[in-house]
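Trainee: Hi! I'm new to this one, could you walk me through it?
Mentor: Happy to, let's open it up.

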Amino acid sequence: MPMFQHSKRGGVAGFDGGGDGHVLDLDTAIKDGVLGGVGGGGVVGGGIGEKLDLKKMIEELDLPEIPSVFICPISLEPMQDPVTLCTGQTYERSNILKWFNLGHITCPTTMQELWDDSVTPNKTLYHLIYSWFSQKYLLMKKRSEDVQGRASELLETLKKVKGQARVHALKELHQLVAAHATARKTVEEGGVALISALLGPFTSHAVGSEVIGILVNLNLDSESKANLMQPAKISLMVDLLNEGSIETKINSTRLIEMLMEEKDFRSEIVSSHSLLVGLMRLVKDKRHPNGNLSGLTLLRTICLHKEVRNLFVSIGAIPQLVELLPALNPDCLESALFILDALSSLPEGRLALKDCPNTIPNMVRLLMRVSESCTQYALSILWSVCKLAPEECSSIAVEAGLAAKLLLVIQSGCNPVLKQRSAELLKLCSLNYTDTIFISKCKLTKTIQ
């Protein structure tokens, strides 16, 4: 029996097996495999005699493939109340009635003119649909209960075992919570404290990697997050960020970021040379670009804490980020520019930006290129650097095409604040030139090239 690939595309979803497009004989349908071997008779839920709701089953299952015989040709959605016209075509009742209310007197599929506009409930097809979805729904519920039970068993096992047995149990639990909402709920309701307790100064990296992988998949409450902010636990997360697999590094950044969302989070928790160095390594890792955004996102969040910014500058983050800019995708680029802009608020940060030979060319190149936010950050950085050393930096900026770019910003429809800053920067840059020479520098030719 053909299967319908569930989609919203136009066209008629018919039954490929010929005839009028629908199987109306229950025995034939079962024989052909539409119901996967389900026999006749009503299906009840949970073994308690309660009839299952078809609409609820369809919504909760959200299956990608559904037998085409169950699909309404008008909406391309599974039918819940199928009715048949005099032409032998079957539709969802509400859809065909809307068709009639629009003034149509034809069959939507065949375009035949109807000699009788009455609709007949297709009870046989309804039974097929109901039985098929019931089978799938009950199987899903059973699997869900099995997953929930297995998650509970693993939590009990973790109370007793150590060594490799503990690692194996954690690996399986990690897989369950990553794939099943019911497993996550089970751990959230009774296993977070147990899992968190496994993180400590003497925890092996094998155990720590799995524990962090489990925790990042959970919705942690404030008490659980406060418990994870203990220095020994944070220290292990930082160690795994520096030495773990790429998956573990990404999970470590995600977990630390989750902890930073708490109101009681203290900036000294992330005032760690080792943490920032590990994040910069993740950001620069060309072999695993999937970790770049995670690293930059956490660095951006940490950078919001002014107390930590000097530490950024001290590890050489500024020249490293400036050199990375041309290779970053738009999402990463915005975070990197945000960080550089935040660090430019420090005297040490402005000096580091000035001393980096590619700061000005890269910033000029990014103006009006990616997004208004990127233009804003780039402008702010250029202003900080040019104000620090007007004669030296302004000349470099103008030679890199800044004047023409600033005119583009001023003439664009962007934020008035950006236009004002551009005008101020343009005025600053013009101080080292005669009017004639500066006007020639404002031409777009060199900038475009």
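Trainee: Which residues are linked in a network of salt bridges?
Mentor: Arg150, Glu153 and Glu172 make up such a network. Keep in mind as we go that this is a predicted model.

Trainee: Got it. How far apart are the closest N and O atoms of Glu153 and Arg150?
Mentor: They are 2.9 Å apart in that salt bridge. Both residues sit in helix H4, which covers residues 123-158, and they are 3 residues apart, about one turn of the helix.

Trainee: Why does that spacing matter for residues pointing the same way?
Mentor: An α-helix has 3.6 residues a turn, so residues three or four places apart point the same way.

Trainee: And what about Arg150 with Glu172, how far apart are their closest N and O atoms?
Mentor: For that salt bridge the distance is 2.7 Å.

Trainee: What is the relative accessible area of Glu172?
Mentor: It is 27% for Glu172, which means that this residue is partly exposed. Arg150 counts as partly exposed too, at 29% relative accessibility, and Glu153 is also partly exposed, with 44%.

Trainee: How many salt bridges does the structure hold?
Mentor: There are 12 salt bridges. One of them joins the side chains of Lys225 and Glu262, at 3.6 Å from N to O. Lys225 is in helix H9 (residues 222-228), while Glu262 is in the loop between helix H11 (246-260) and helix H12 (273-284), so the pair ties together parts that are 37 residues apart in sequence.

Trainee: Are Lys225 and Glu262 buried or exposed?
Mentor: Lys225 is buried, and Glu262 is buried as well.

Trainee: Switching topic: which residues of helix H2 are buried?
Mentor: In H2, which spans residues 54-61, Leu54, Met57, Ile58 and Leu61 are buried. They lie on the same side of H2 because they cover an arc of only 95 degrees around the axis.

Trainee: Now sheets. In what order do the 3 strands of the open sheet come?
Mentor: The order is E6-E5-E7, and the pairing is antiparallel. Strand E6 (90-92) and strand E7 (120-121) are the edge strands, each pairing on one side only.

Trainee: How many bridges join E5 to E7?
Mentor: Strand E5, residues 82-84, is joined to E7 by 2 bridges. To find your way there, look at Thr84, which stands opposite Thr120 in E7.

Trainee: Which helix lies across those strands?
Mentor: Helix H3 (residues 93-101) lies across E5, E6 and E7, and runs at about 95 degrees to E6.

Technical notes: Residues are numbered from 1 along each chain as its sequence is written. This is a predicted model: local features need pLDDT of at least 70, side-chain atom pairs count only at pLDDT 80 or more; totals for chains, interfaces and linings use all residues. Side-chain values use heavy atoms; hydrogens and water are left out. A salt bridge is a side-chain nitrogen of Lys or Arg within 4 Å of a carboxyl oxygen of Asp or Glu. Helices (H or I, at least four residues) and strands (E, at least two) are DSSP runs, numbered from the N terminus. Buried means under 20% relative accessible area, exposed over 50%, partly exposed in between (1.4 Å probe, protein chains only). The arc is that of the directions from the helix axis to the C-beta atoms. Two strands pair if DSSP finds at least two bridges between them. Contact means heavy atoms within 4.5 Å. Axes are lines fitted to C-alpha atoms, for helices over the stretch in contact, and angles run from 0 to 180 degrees between N-to-C directions.
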